[in-house]
Amino acid sequence: MAEKVRIAVDAMGGDYAPGEIVKGAVEAVSERDRIEVVLVGIQEQVEKELAKYTYPKGRIQVVHAPEVIATEEPPVMAIRKKKNSSIVVAMNMVKNGEADAVVSAGSSGAILVGGQLIVGRIKGVERPPLAPLIPTSKGVSLLIDCGANVDARPSHLLQFAKMGSIYMENVIGKKNPTVAIVNIGAEEEKGNALVKDTFPLLKNCPDIHFIGSIEAREIPNGYADVIVCEAFVGNVILKLYEGVGSMFKNMLMQGLMSTVRAKIGALLVKPAVKKTLKSFDASEYGGAPLLGLRGLVVKTHGSSKAKEVKNSIIQCITFKEQQINEKIKKNLIQDEG
């Protein structure tokens with residue numbers, strides 16, 4: 001019998017908490033019988049939401065956490081002072097082995113700080129990066145880092161490439177994934193100081209399949225499986241990606257509804273359009289794992305609805321099953337040796 005995966009979910013994090021968070025948790029346990037969820041938050045509010053649904057009672061537990069860390073609070077101070085907040089309690093569950101992973105749509109800063117201070121880094125990991133999957137014409141690519149390390153060094157980016165390759169190969173199933181570094185041109189001599197200093201490290205690394213630089217316009221074409229950059233660049237790419245995707249979807253729908261003829265045509269192409277638009281939906285890919293920690297921490301969008309919460313929970317199964325942390329640890333130990 002397959003081993004259960006226990007996930008602590010921050011029920012109070014995000015714009016639509018606790019309603020959409022609870023709904024996503026219910027959908028996750030209803031869809032996958034290997035999942036057990038611990039909803040961490042203000043018990044009365046969480047149980048009120050749970051009462052709306054029918055679900056396998058033995059696989060959802062509520063743990064009371066009376067405090068909530070708001071998005072605008074200074075992350076380090078909030079993590080240290082609000083010991084009974086939903087984020088801190090959930091992180092401690094992972095640290096103490098009471099849960100295999102934590103999923104949160106709450107404060108990005110608090111999640112990043114909590115991941116490092118509470119869950120802790122794997123020995124040898126210099127900086128844990130956030131690594132979301134983004135849609136491309138060939139499927140998905142991993143964007144690493146997209147928000148955790150704005151002032152990264154070349155050695156950090158080298159580790160990002162290694163961890164990203166391990167994730168893509170074992171979680172997504174992409175054998176020998178290609179790796180590229182974000183640049184303003186394809187030539188090796190181009191780029192800022194960080195890119196120029198990182199390029200030879202990636203080029204000479206035997207653990208990855210490095211194919212050189214990637215310009216932003218090539219990212220949607222799936223030119224590389226793992227896209228390496230520091231967090232400032234990665235976050236700009238991610239936000240632009242999301243904005244263009246949303247604009248494209250809205251303009252397409254407006255065009256299809258603009259005239260009677262267009263509406264008739266829309267009925268004919270509806271199945272194909274629906275399938276295409278689904279690939280642009282960020283909620284299909286779950287959250288962004290914070291790689292390189294001793295336990296799994298997954299950050300979902302602050303505006304996450306139930307579908308993204310559900311998929312973020314479900315993605316934790318493969319992460320545990322494929323022993324991603326153990327493989328990252330083994331890779332780094334080999335490097336040190």
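Select Glu-73, in the loop between strand E3 (60-64) and helix H3 (75-81). Helices (H or I, at least four residues) and strands (E, at least two) are DSSP runs, numbered from the N terminus. You are looking at a predicted model: local features need pLDDT of at least 70, side-chain atom pairs count only at pLDDT 80 or more, and totals for chains, interfaces and linings use all residues. Residues are numbered from 1 along each chain as its sequence is written, and side-chain values use heavy atoms, with hydrogens and water left out.

Show the contacts of Glu-73. Leaving aside neighbours within four places in sequence, they are Val-68, Ala-78 and Lys-82. Contact means heavy atoms within 4.5 Å. Glu-73 and Cys-229 lie 156 residues apart in sequence and 27 Å apart in space, C-alpha to C-alpha.

Next, select Val-119 in helix H5 (residues 108-119). Is Val-119 buried or exposed? Val-119 counts as buried because its relative accessibility is 3%. Buried means under 20% relative accessible area, exposed over 50%, partly exposed in between (1.4 Å probe, protein chains only). Not counting residues up to four places away in sequence, Val-119 touches Met-91, Val-94, Gly-114, Leu-293, Arg-294, Gly-295 and Val-297. Then pick Ile-324. Val-119 and Ile-324 are 205 residues apart along the chain, with 15 Å between their C-alpha atoms.

Last stop: Lys-329. Find Lys-329 in helix H11 (residues 324-336). Lys-329 counts as partly exposed because its relative accessibility is 41%.
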